[in-house]
Amino acid sequence: MTPDQARELAAIAYGIGRQVGLLIDRKGRPSLILVGTPKGILIPELDRSRLGAGRLRGLRLLHTHLTSEGLTEEDLTDMLFLRLDSVAALTVDNQAQPATLHAAVLLPPGAGDAPYDVLPPRPFDRVEEDFNALAEALEAELAREGGRLAAPGTVEAGREKAVLVSVSSAPRAVQEASLAELAALADTAGLDVAESVVQRVATVNAKFILGKGKLAEIEVAALRAGASLLVFDGELSPSQIRNLTEVTQLRVIDRTQLILDIFAQHAASRGGKLQVEMAQLKYLQPRLVRQDRAMSRLMGGIGGRGPGETKLEVDRRRIRERIGRIKHELKELRKRRAAARAGRARAGLPVVSLVGYTNAGKSTLLNTLTGSAVLAENRLFATLDPTSRRLRFPSDAEIILTDTVGFIRELPKELKEAFRATLEELEAADLLVAVADASHPEVEGQAAAVADILREMGLGDIPRLFVLNKWDAVPDEERGPLRNAFPEAIPLSARTREGLEALTTAILDRVRPGAGLRDSGPLPGSPDGLDDAPDDPDAADEADAP
C-alpha cells in the first residue's frame, strides 16, 4: 500500500461513512472489495482453492476504521477462521485523512501465548513490514512442524487428520472416557487424531455448541496440525453442523455420522450394505438443505406454480423412494433368516449367541471355539454381519454358535432400526453369552451399556452367561477387584484358550442339547449365504469344542 493509495482509501471510506476493505493477494492485487457499515464489514464465503496449495489462504485483509480504534476481536477472529495471511486496520481522522495502521499476523506453534501477534501501531506512511515474507515464513514453519507443506484436507498415507471435540455438562472424567472411545472410532474410520478438546459447560450453545473464543482455539489447533475435520462427541442438529462449518471453514461431523461411516466401510454382505445405506439415508434426509438460487422455486405468471418440484424436493422424494425399496428388500431378508432359524429349530439344535460391546473379542472367541476364520481385528465394528457355526462337543452334543454386531453406547437410532434384521438373530437364541473386555478401563460401564441395550430390545429374559475375555491382559493386582465386581463371570482368554473349558461346561449346563450327533454340512435354511458371513475355504461349518 502506497501513501497515495492509503489517502484514496481513507477518502472513499470517509465520504460514504462506511468501512471499506480490500482482500489483497500476494502479488499486491485486490481480489475483492468489501463495503460494510460504519462499525464493521462482512466477509463473504471465499474461494477455497488457495487452501489446496498451502496452509494459509494467500490473502491479507486491509480495511478502514472510521475512528481511532485499533484491531478488534472480530478482526483477529476473522484472520484465524479464514486463515488469512494478515489483517490490518487503517484509521481515518475527521479530516478524511489516513492516520495509523494496526496490523496482526499469525504465529507458528509455540511462538507465543496467543496464536497471533499484534504489531505495534505505525504511521500509515512508515510501515516497513514485508507481509508476504511473514506469511511465507509462517508456512515454512508450519511445514517443519507437520513434516510437509500441505493444505488442511489433504491426505497422507490414506489417513486424514481430525480434531475431536467434547462439549457437555457431564463430569470431566466421563467426557474424557467418551472421548477416548471416540478416538478409537476415529482410528477405525481411518482418521488420525491431531488434537482432543474437552469443554465442560453448564448449558450447550444452541447455535455453535461452543463459544467463539473456544472455536478460535480449535481453529488454531487444526491449522497447526493440518487437520481438516472436526468430530464432535454427540449428535449435532443440521443447523449446528451448518453454522460450525461456515464459521470454522472446516468439515464438521458428529459421532453418529462417524459410526455410519465405519459401518459403510465394513459392511460386506448384501444385507449389511442395505442396512447401512438405509441408516445413512435416514440420517441425511433431515440434513438435506440447499440455499442457492438453483434450488429456488421459480414462479410463472400471477399465482403460477412455476416448473414444479425444486431440486431439493426431488432429492428428498428420491431418498424416500429409495428407503421404501430398501425396507422391502430388508423385509425379504428377514423372511429368509426366519426360515433359516425355523430350520435350525426343526433340527433341534440349541442356538447360543455371542453379544457384547464392540471389540470385546466375540469374533476371536467364535474362531477359537469353532476353528473358523471369521474376520477378527483389534478395532471397533470389525464384524457387522451375523455369522453362525455348528459346534460339536466331546459329549456328542451340538449347538449353533452365532456372532453378531457389537454394541456401543449411544448407538444411533438410525442404526438400531436399520440393523433390526441382524439383531433379530438374538431373538431366536436359547442362550446369550455376554462377552466383555476385562482389560478395558471402562469394562463396568460397557457391561452396563450392553445390559441396557438388551433390555431396550426386549431380550432381557433370555438366559445369559457373562464372560470376561482378554483375562491374560489383566494385571494380577486388578483381577481380584474384577472378580468382586462380576462374581458370576467366567474369566477366559480367547487368544490363549485359558478358561474355555469352564465356558463350554457352563454352556452345556444351560442349554442341555440332545446327545445324538447329526450329519455335518451347511447350516439348514441358508442357501443364499445370507445367514452366514462368507466362509474361509479352510474353515468348516462344524467344529469340535476344545
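This is a predicted model: local features need pLDDT of at least 70, side-chain atom pairs count only at pLDDT 80 or more; totals for chains, interfaces and linings use all residues.
Residues are numbered from 1 along each chain as its sequence is written, and side-chain values use heavy atoms, with hydrogens and water left out.

The chain has 15 helices and 18 strands; helices (H or I, at least four residues) and strands (E, at least two) are DSSP runs, numbered from the N terminus. Of its 546 residues, 51% are buried, where buried means under 20% relative accessible area with a 1.4 Å probe, protein chains only. The accessible surface, from the Shrake-Rupley method with a 1.4 Å probe, comes to about 25500 Å², and 50% of that belongs to carbon and sulfur atoms. Among contacts (heavy atoms within 4.5 Å) between residues at least 6 apart in sequence, 68% join residues at least 24 apart.

Four strands form an open sheet in the order β9-β8-β10-β11, with parallel pairing; two strands pair if DSSP finds at least two bridges between them. The edge strands, each pairing on one side only, are β9 (191–200) and β11 (251–254). From one strand to the next, the twist averages 25°. Strand β8 (residues 160–168) is joined to β9 by nine bridges, and E160 has L191 in β9 as its bridge partner. Helix α4 (residues 172–188) packs on this sheet, where α4 touches β8, β9 and β10 (229–232) and makes about 160° with the direction of β9. Angles run from 0 to 180 degrees between N-to-C directions, and axes are lines fitted to C-alpha atoms, for helices over the stretch in contact. Helix α6 (residues 238–248) lies across β10 and β11, at about 150° to β11.

An antiparallel pairing is found between β1 (residues 20–25) and β2 (residues 30–35), over five bridges. Here L22 stands opposite I33 in β2. Four residues lie between the strands of this hairpin, and G28 takes a positive phi near 85°.

Helices α10 (residues 362–370) and α15 (residues 500–511) pack at an angle of about 85°, their axes 12 Å apart. The two helices are therefore roughly perpendicular, a term for angles of 65 to 115 degrees. L365, T368 and L369 of α10 meet L500, L503 and T504 of α15 in this contact. By class, four of the contact residues are nonpolar, two are polar and none is charged; Ala, Val, Leu, Ile, Met, Phe, Trp, Tyr, Cys and Pro count as nonpolar, Asp, Glu, Lys and Arg as charged, and the others, Gly among them, as polar.

Methods:
Angles under 35 degrees count as roughly parallel, over 145 as roughly antiparallel, 65 to 115 as roughly perpendicular and the rest as oblique. Buried means under 20% relative accessible area, exposed over 50%, partly exposed in between (1.4 Å probe, protein chains only).
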